[in-house]
Amino acid sequence: MPSYRSLFRTPEFTPLFLGAAAQNAAGTVGGLALGTLVYRTTGSPLLSALSMFGPSLAQVLGATFLLSGADRLPPRTTLAAISLTFAAVTAGMALPGLPAGALLTAVLLLGLVSSLGGGVRWGLLNEILTKDGYLPGRSLFNMMSGLVQIAGYATGGALLAAVSPRTCLLLAAALYLASALALRLGLSDRPPRTAGRPSAAATWRTNALLWSSRPRRLTYLGLWLPNGLVVGCESLYVSYAPQSAGVLFACAALGMLAGDVTVGRLLPPAVRGRAATPLLLLLATPYLVFFLHPPLVPAAACVTVASVGFGASLVQQERLMSLTPDELSGHALGLHSAGMLTMQGVGAALAGSVAQLTSPACAMTVVAAASLAVTLTLATAARRERTAPLPVPSAP
C-alpha cells in the first residue's frame, strides 16, 4: 500500500487535494455561519439544522438526473465551475435582508450542484491513483477534512464572536474562489472517462445497473443510512449548545480524523475487512448519553469517541470499488456521495423535527437509536448473504 508521502509525488494529486481543502474550509466556515444566522433569526432548531445540512436533501435530484456527468464531463472544467458556482451563491447569501426561505432555497441549489462534484472528484482520484492507492488516498482526504473542520469550526466560532455571520459567509465565498483557482491551474485537461453526453436517461440506466447487484445494494445502504442518521445528531449542535457549537463540531472532526488514521494506516487488511459493523455501532452508541443532557465537556467527549466510527466508510468504499467496473467508478462513487449526503439531509430534517417537538437532547438519543437498529439489520442481511447456499444448477 502506498505511503501518504508518496501520494503527493503523484501528478495532479496535490492540486486536487488543495482544491478540496479550500472547498472544505469554505463549507465549514460558511455552514456554521449560516446555521447561526438562521437560528438567531428564527429560533428554530429545524430551520437551523436544514440551513447547515439542507444541501444534502437536493443530492437525490442530482443522483437522479445529473450523475451520468461524473464520467462524461471533463474533470478539471467541471470541478472549477462547481467551486465558482459555490462562491457566487455563498456571496449572495451574505446580502442583508434575505428571508430564511431565500437562504434555504440557495442552500438547496448548492446541494444540487454538489451532487455532481462528488462523483467527478472521487472518480478523478480513482483515475489518478493506482488500485492500491485509492484507500490511502481517500483516507488522506478524510484526514484533511477532519483537520480543516477542526480548524474551521474553531476559527468560525471565534469569528462569529467578533464579526457578523454575513462577514463569515463572504470569507467562505473567497475560499471557494481559491479552490476554483487551484483546480483550474493545477489539474491537466483530461478527457471524460466515458463517451456520450450526460443525460437523465444515462443516469437512470447506470443507477439501475449499480443497484441491480445485491452486494452493492447492501454496501450502499450501509454507507448511507447509519451515517446519515448520526449526522442528524450533529445537525442539532447549534440548538443544543448555541454558544459552544463550534467546540462540538471541532471534537467531531477530531474523532473522524482519528478513525480515518486508524482504518487507513493502522488496521491490517484482514481486520479492516471486518471492522465496518463495529465502527458503525461506535458511531451511534455514545449519542445515547445525550438523553441525560450532559454539559459541554462530557458531551464533547461523547462526540469525539462517536466520530471515530466514521472510519467505517473507508472500509465500505473499498468494498464498493471491488464490486464495481473501472469505467463506472466515478458514477458509483458519485452515487455513494450523493446518497450519503441525501441521507444526511434526511437525518437533519428528522432530528430537527423531533427536536422541535421535544428537545435537541431527546432528538439526538432517538436518532442514534435508529442508527443502531439500521446497522444491526444490515449486518444481519449481509451475514445471510455470505452464508446463503449457492443455487444448484438444473440438469441440461
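A pocket, as the word is used in these legends, is an open set of grid points with protein on both sides within 12 Å along at least five of seven lines. The model shown in every view is a predicted one.

**View 1. The second largest pocket and its lining residues.** The second largest pocket has a volume of about 300 Å³. It is lined by 17 residues, and those closest to its centre are Thr36, Leu160, Pro242, Gln243 and Ser244. Two or more lining residues come from each of the helices α2 (13–42), α8 (134–162) and α13 (245–266), and among the contributors α8 provides the largest share of the lining, with five residues. Sorted by class, the lining of the second largest pocket consists of eleven nonpolar residues, five polar residues and one charged residue.

**View 2. The second largest cavity and the residues around it.** The structure contains two cavities of 30 Å³ or more, and the second largest cavity holds about 50 Å³ of space. The lining of this second largest cavity is formed by Gly222, Leu223, Asn227, Leu280, Leu283, Gly309, Phe310, Ala312, Ser313 and Gln316. The elements that supply two or more of these lining residues are α11 (214–234), α15 and α17 (312–322). By class, the lining of the second largest cavity has five nonpolar and five polar residues, with no charged residue in it.

**View 3. Helix α17 and its buried residues.** Eight of the eleven residues of α17 are buried, so this helix is largely enclosed by the rest of the structure. The buried residues of α17 are Ala312, Ser313, Leu314, Val315, Gln316, Gln317, Leu320 and Met321.

**View 4. Salt bridges that join Glu12, Glu127 and Arg190 into one network.** The model has four salt bridges by the rule applied here. In one of them Glu12 pairs with Arg190, and the closest N and O atoms are 2.8 Å apart. This pair links distant parts of the chain, with Glu12 in the loop between α1 and α2 and Arg190 in the loop between α9 (165–186) and α10 (200–211), 178 residues apart. Glu127 also forms a salt bridge with Arg190, with the closest N and O atoms 3.1 Å apart. Because Glu127 lies in helix α7 (residues 100–128) while Arg190 lies in the loop between α9 and α10, the pair ties together parts that are 63 residues apart in sequence. Through the partners that these salt bridges share, Glu12, Glu127 and Arg190 form one network. Glu12 is buried, with a relative accessible area of 13%, whereas Glu127 is partly exposed, with a relative accessible area of 31%.

**View 5. The salt bridge between Asp189 and Arg76.** The side chains of Asp189 and Arg76 meet in a salt bridge with an N to O distance of 4.0 Å. This pair, too, links distant parts of the chain, since Asp189 is in the loop between α9 and α10 and Arg76 is in helix α6 (residues 75–93), 113 residues apart. Asp189 counts as exposed, at 53% relative accessibility, while Arg76 is buried, with a relative accessible area of 14%.

**View 6. Two residues with a positive phi, Glu12 and His293.** Most residues other than glycine have a negative phi. Glu12 is not a glycine, yet its phi is positive, at about 80°. Glu12 lies in the loop between α1 (4–7) and α2, and at 13% relative accessibility it counts as buried. His293, again a residue other than glycine, has a positive phi near 55°. His293 is found in the loop between α15 (276–284) and α16 (296–307), and it is partly exposed, with a relative accessible area of 48%.

View 7. Val60 has its place in helix α4. With a relative accessible area of 42%, Val60 is partly exposed, and therefore passes the requirement of over 30% relative accessible area that applies to residues of a patch.

Notes:
Residues are numbered from 1 along each chain as its sequence is written. This is a predicted model: local features need pLDDT of at least 70, side-chain atom pairs count only at pLDDT 80 or more; totals for chains, interfaces and linings use all residues. Side-chain values use heavy atoms; hydrogens and water are left out. Helices (H or I, at least four residues) and strands (E, at least two) are DSSP runs, numbered from the N terminus. Buried means under 20% relative accessible area, exposed over 50%, partly exposed in between (1.4 Å probe, protein chains only). On a 1 Å grid over the protein atoms alone, a cavity is a set of points where a 1.4 Å probe fits but cannot get out, and a pocket is an open set with protein on both sides within 12 Å along at least five of seven lines; lining residues have an atom within 4 Å of a point. Grid points are joined across faces, edges and corners, and a volume is the space filled by probe spheres set on the points. Ala, Val, Leu, Ile, Met, Phe, Trp, Tyr, Cys and Pro count as nonpolar, Asp, Glu, Lys and Arg as charged, and the others, Gly among them, as polar.
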